[in-house]
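Subject: Structure handover

Dear colleague,

Here is the structure I said I would pass on. Please look at it first; my notes come after it.

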Amino acid sequence: MFGLLAVLCGGTLVIHQILRLARANPDERLPWFGYPSTTPPWVAVLTALGAALLVLGVSSLASATDSLMIPALFIVMLCPVLLISRRHNRQVRNRRFAA
């Protein structure tokens with residue numbers, strides 16, 4: 001139970017930080033690695049804490065569940081981050097081409 005709760009909390013923190021970055025940089029693309037020029041406070045802490053909870057939760061679930069579920073769970077929790085970044089970057093690109 002702890003592992004699942006840690007994965008959910010970690011995923012929520014990582015999703016929250018990427019949404020904060022997207023709101024703080026409406027006209028700038030979000031890099032895949034690193035941070036954009038405008039970074040709200042506590043984003044690095046949210047990222048580190050969320051990633052640590054994800055790794056801790058996945059490793060805790062590894063001993064209790066089937067090993068094939070673990071990478072799938074990790075990927076499922078990180079997919080929203082990739083989708084939010086992609087959507088934001090596409091909106092920025094479309095605004096630049098429209099202007």
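This is a predicted model: local features need pLDDT of at least 70, side-chain atom pairs count only at pLDDT 80 or more; totals for chains, interfaces and linings use all residues.

Residues are numbered from 1 along each chain as its sequence is written, and side-chain values use heavy atoms, with hydrogens and water left out.

Overall

The chain has three helices and zero strands, in the order α-α-α from the N terminus on. Helices (H or I, at least four residues) and strands (E, at least two) are DSSP runs, numbered from the N terminus. The C-alpha trace spans about 55 × 25 × 20 Å along its principal axes. Of the 99 residues, 30% count as buried, where buried means under 20% relative accessible area, exposed over 50% and partly exposed in between (1.4 Å probe, protein chains only). The chain exposes about 6400 Å², and carbon and sulfur atoms supply 71% of that area; accessible areas come from the Shrake-Rupley method with a 1.4 Å probe, and for residues only the protein chains shown count as cover. Among contacts between residues at least 6 apart in sequence, 68% join residues at least 24 apart, a contact being heavy atoms within 4.5 Å.

Core

A nonpolar core is a set of buried Ala, Val, Leu, Ile, Met, Phe, Trp, Tyr and Cys residues joined through side-chain atoms within 4.5 Å. The largest one has 15 residues, and those with the most contacts inside it are Val7, Ile18, Leu21, Leu30, Leu54 and Leu61. At least two residues of this core come from each of H1 (2-24), H2 (43-62) and H3 (69-98). Beyond its neighbours within four places in sequence, Leu61 is in contact with Gly3, Leu4, Val7, Ile70 and Leu73.

Gly3 is in helix H1 and counts as buried because its relative accessibility is 2%. Apart from residues up to four places away in sequence, Gly3 touches Gly57, Ser60 and Leu61. The C-alpha atoms of Gly3 and Leu53 are separated by 8.8 Å, with the two residues 50 apart along the chain.

The largest pocket has a volume of about 400 Å³. Of its 20 lining residues, Val14, Gln17, Trp32, Thr47 and Val81 are the closest to the centre. A pocket here is an open set of points on a 1 Å grid over the protein atoms alone, where a 1.4 Å probe fits, with protein on both sides within 12 Å along at least five of seven lines; lining residues have an atom within 4 Å of a point. Grid points are joined across faces, edges and corners, and the volume is the space filled by probe spheres set on the points. H1, H2 and H3 each supply at least two lining residues, and the largest share, five residues, comes from H3. The lining divides into 16 nonpolar, four polar and no charged residues. In that count Ala, Val, Leu, Ile, Met, Phe, Trp, Tyr, Cys and Pro are nonpolar, Asp, Glu, Lys and Arg charged, and the others, Gly among them, polar.

Two further residues

His88 is found in helix H3 and is buried, with a relative accessible area of 6%. Leaving aside neighbours within four places in sequence, His88 is in contact with Ala22, Asn25, Pro26, Glu28 and Leu30.

Trp42 lies in the loop between H1 and H2 and counts as exposed at 62% relative accessibility. Although not a glycine, Trp42 has a positive phi of about 75 degrees.

Regards
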